[in-house]
Amino acid sequence: MSESTSLQGKRVLVTGASSGIGRAIALALGEKGAEIAILARREDRLRDVSEKIIESGSKGISVPVDLSDSGAAQDAVNFAASALGGLDILINAAGVARQAGLSDGKIEDWRTMLDVNVFALAVVTREALTHFPDQGGHVVNISSMSGHRVPGKGGFYAATKFAVRAMTEGLRQELRAAGNQTRVCSISPGFVDTELLDEYFATSGGDESKYDKIGYPLLQPEEIADLVIHQLTMPPTAEVTDILVRPTAQAT
Ligand code: NAP
């Protein structure tokens, strides 16, 4: 039987770690002994997460940055990589979701989703790869069920997540063609109980909470973190390219 990969001492960069799925992944990796740099805009939230990582006995470094600024995103990745002495793993979890329809959505909402979900992911990934070891590392993109089907009113958000799916597969093929063994994976969740859903449903109007709108138990961020740990600890010869995971009651 082949050996699974240990995360002890692995140098990880997690974007979108100030809340939700990115935060849960960063904390789970800290518990596994990884050294982690966390990126997002909200400094107080980042500090709270890095303190928890340090309490668990690992290294946690906060790097506040607005990833929609490509220059700042590149600087943040390079700062994080030099603080950790290189990078082994990149987790792209930063993302935004707004119900901005293709027939009536606001251009600023479209641009924000494109900037963060697509452009920032591409910029951060390209920069992070320059700090990976020659033997290869691991990139995990948090995509969405919306990268596999288009929900009503969520067409533009889905377009950004279809793009994440294309970038995940495109990068994997580019790296293999170059003889680089970096594994490139995505996770495609349905509804997860995070702040993103508050914003998503707020942009559709009305006062109902996400719980009332959805009406069934949501996935928890920690469950997504467990799946990321599973992908990262597979034997080096196995690559889990995508995981589709929904709340059991979510039909589509
Ligand atoms: P969340 O709690 O709102 O987290 C989003 C993260 O992205 C936050 O840490 C936020 O940090 C960061 N972010 C947003 N804009 C940023 C910017 N301009 N610069 C830097 N960081 C930025 O939502 P989440 O659900 O965990 O989302 C994580 C990923 O999961 C996203 O890619 C989302 O599309 C995906 N996803 C979520 C669900 C769901 O139902 N929740 C389902 C499928 C996929 P700051 O605000 O501090 O900058």
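Asp-109 is buried, at 10% relative accessibility, where buried denotes under 20% relative accessible area, exposed over 50% and partly exposed in between (1.4 Å probe, protein chains only). The model is predicted, so local features require pLDDT of at least 70 and side-chain atom pairs count only at pLDDT 80 or more, whereas totals for chains, interfaces and linings use all residues. Residues are numbered from 1 along each chain as its sequence is written, and side-chain values use heavy atoms, with hydrogens and water left out.

Side chains of opposite charge can pair when their charged atoms come close. A search of the whole structure returned 14 salt bridges, each being a side-chain nitrogen of Lys or Arg within 4 Å of a carboxyl oxygen of Asp or Glu. One of them joins Asp-109 to Arg-98, with an N to O distance of 2.9 Å. Asp-109 belongs to helix α4 (residues 107-129) and Arg-98 to the loop between β4 (89-92) and α4, so this pair ties together parts 11 residues apart in sequence. Helices (H or I, at least four residues) and strands (E, at least two) are DSSP runs, numbered from the N terminus. Arg-98 is also buried, at 17% relative accessibility.

Arg-98 forms a salt bridge with Glu-199 as well, at 2.8 Å from N to O. Here the loop between β4 and α4 is tied to helix α6, which holds Glu-199, so the link spans 101 residues of sequence. Glu-199 is partly exposed, at 31% relative accessibility. Glu-195 is partly exposed at 34%, and the relative accessible area of Arg-42 is 34%, which makes it partly exposed. Elsewhere, a network of salt bridges links Glu-169, Arg-172, Arg-176 and Glu-239.

Arg-183, in strand β6 (residues 183-189), is buried but has no salt bridge. Its nearest side chain of opposite charge is that of Glu-239, 6.4 Å away, with Lys and Arg counted as positive, Asp and Glu as negative, and His and the chain ends not counted. A polar atom of the Arg-183 side chain lies 3.2 Å from the backbone oxygen of Met-234. Beyond its neighbours within four places in sequence, Arg-183 is in contact (heavy atoms within 4.5 Å) with residues including Thr-5, His-138, Arg-176, Met-234 and Glu-239.

Phe-191 is placed in the loop between β6 and α6 and is partly exposed, with a relative accessible area of 22%. Among the residues that Phe-191 touches, not counting those up to four places away in sequence, are Leu-197, Phe-201, Tyr-216 and Pro-247.

Helix α8 (residues 221-232) has 12 residues and spans 17 Å between its first and last C-alpha atoms, close to the 16 Å expected, the expected span being 1.5 Å times one less than the number of residues. Its buried residues are Pro-221, Ile-224, Ala-225, Val-228, Ile-229, Gln-231 and Leu-232. Viewed down the axis of α8, these residues fall within an arc of 160°, so they line one face of the helix; the arc is that of the directions from the helix axis to the C-beta atoms. The buried residues of α8 pack against α1 (20-31), β4, β5 (138-142), β6 and β7 (242-245).

How values were computed:
Polar contact = N/O pair within 3.5 Å; in protein donor to acceptor, adjacent residues only side chain to side chain.
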